[in-house]
Amino acid sequence: MDIAEPLLAACRARFAAVDALLPPAAPPADGVRLDAATADGTQVTGVLQRHRLGPGDVSTLWSAADTWQLFPYFGDTGTEGLDLLLRALRGLLDGEKTGDDSACAVVWPSRDAEAIRAFLDHGLVPLGALGVRTAPPPPPDCDVEVVRRAGPDDFAVALELATATFDYTGLVAAPRRANTADLLAPALREALDAEEPAVWLAEDGGVVQAMAHCAWIDATAGSAAAELLPPGRWGYVNNVVTAPGERGGGFGRALMARVHQELRTGGATGTYLYYNPTNPLASVFWHRQGYRPLWTTWEVRPAGALR
Ligand SMILES: CC(C)(COP(=O)(O)OP(=O)(O)OC[C@H]1O[C@@H](n2cnc3c(N)ncnc32)[C@H](O)[C@@H]1OP(=O)(O)O)[C@@H](O)C(=O)NCCC(=O)NCCS
């Protein structure tokens, strides 16, 4: 979809000013266009997409089944410009049927404080964040010997742990899906069967206590990853979890010390992950592990609760 070139340029300038690590703002994809003008007559535009997921879609682990996603372009108009676009979205939703399993969502640079004002005023909450870590890993100060690569025989314990992540995030972020284990199983099996599995386990006395499921993502020109990350080969830290009774005992630190080493040795530009700022364990753990938010997903559920 075409938007005025000056509006895209102004959005790019906004991104560059708020966070040097952000790639340039992507041109808008197709969708319903929302237009508004500020008090001084500056044009702002949003593009709205609706994403509907079926019960077997893996994305339902973290997304509502029916999401209206807004892509705002408000240049240097700050809180006022974004407020106008969120008002326009509110107006549009008045004419829509929004069910219980629905959301409005905007993925936006975490450090844009003027935008945060508008998101909060409209009832959106920071439900997700993409955190990045670019510093080389420090030498481990914990016992990384307890960590090993997982293989196909570890499928049952790996699935149990992967599911335990969502038992916890179901309390502190997106509600847990009844079919969580079924949704997780195929990708986990594939990762464990891979020639170079990207799943690591921390053990204590032969008992698996923690897991990190990782992957490689290339942010190359034109790729989806390049809209979120600087160019390079990124280590993606997908699902990290310690068994419920063992949290706070150092398994997470030992596991990530080894994983960060392995990913750096494998040529990672940096590593990134998604976490929930509302998760009281992950939000502290990842920041102490050297991650900081680059993008925040602002959400309101159900969609009709947008103010
Ligand atoms: C986030 C998580 C993987 C961290 O693993 P962990 O084994 O608990 O991590 P560690 O014990 O190495 O470190 C946790 C830190 O919190 C502290 N802590 C204190 N009480 C704690 C508690 N009851 N539970 C967890 N951590 C606690 C630890 O002392 C430690 O601090 P430190 O850095 O000063 O050592 C784990 O808490 C977890 O599985 N959480 C639930 C699932 C989840 O949120 N996964 C991440 C999704 S992005």
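Colleague: How many residues surround the ligand, and which are the closest?

Modeller: In this predicted model, 19 residues surround the ligand, and the closest of them are T242, G250, G252, R253 and N279.

Colleague: What is the make-up of that shell by class?

Modeller: The shell around the ligand holds 10 nonpolar residues, together with six polar and three charged ones.

Colleague: Which polar atoms lie by the ligand's oxygen atoms?

Modeller: A polar backbone atom of G252 is 2.8 Å from an oxygen atom of the ligand, and an N or O atom in the side chain of R288 is 3.0 Å from an oxygen atom of the ligand. For R247, a polar side-chain atom lies 3.1 Å from a ligand oxygen atom.

Colleague: And how much of the ligand's area does the protein cover?

Modeller: On its own the ligand has 900 Å² of accessible area, and the protein covers 74% of that.

Colleague: Which elements give two or more residues to the shell?

Modeller: Those elements are the strands β9 (232-242) and β10 (270-275), along with the helices α6 (251-265) and α7 (282-288). The largest share of the shell, four residues, comes from α7.

Colleague: Changing topic, how do α2 and α3 cross?

Modeller: The axes of helix α2 (residues 78-93) and helix α3 (residues 113-121) come within 8 Å and cross at roughly 35 degrees, and the crossing is right-handed.

Colleague: Which residues make that contact?

Modeller: From α2 the contact uses G78, T79, L82, D83 and L86, while α3 brings E114, A115, R117, A118 and F119. By class, the residues of this contact divide into five nonpolar, two polar and three charged.

Colleague: One last thing, where is the cis peptide bond?

Modeller: The cis peptide bond joins R301 and P302, with omega at about -10 degrees, and P302 lies in the segment that comes after β11 (292-300).

Terms used. Residues numbered from 1 in each chain as written. Predicted model: local features only at pLDDT ≥ 70, side-chain atom pairs only at ≥ 80, totals over all residues. Heavy atoms only, no water. Near = heavy atom within 4 Å. Polar contact = N/O pair within 3.5 Å; in protein donor to acceptor, adjacent residues only side chain to side chain. Areas by Shrake-Rupley, 256 points an atom, 1.4 Å probe, with all protein chains shown as cover. Nonpolar A, V, L, I, M, F, W, Y, C, P; charged D, E, K, R; others polar. Axes fitted to C-alpha atoms, helices over the stretch in contact; angles between N-to-C directions. Left-handed = near helix turned anticlockwise from the far one by under 90°. Contact = heavy atoms within 4.5 Å.
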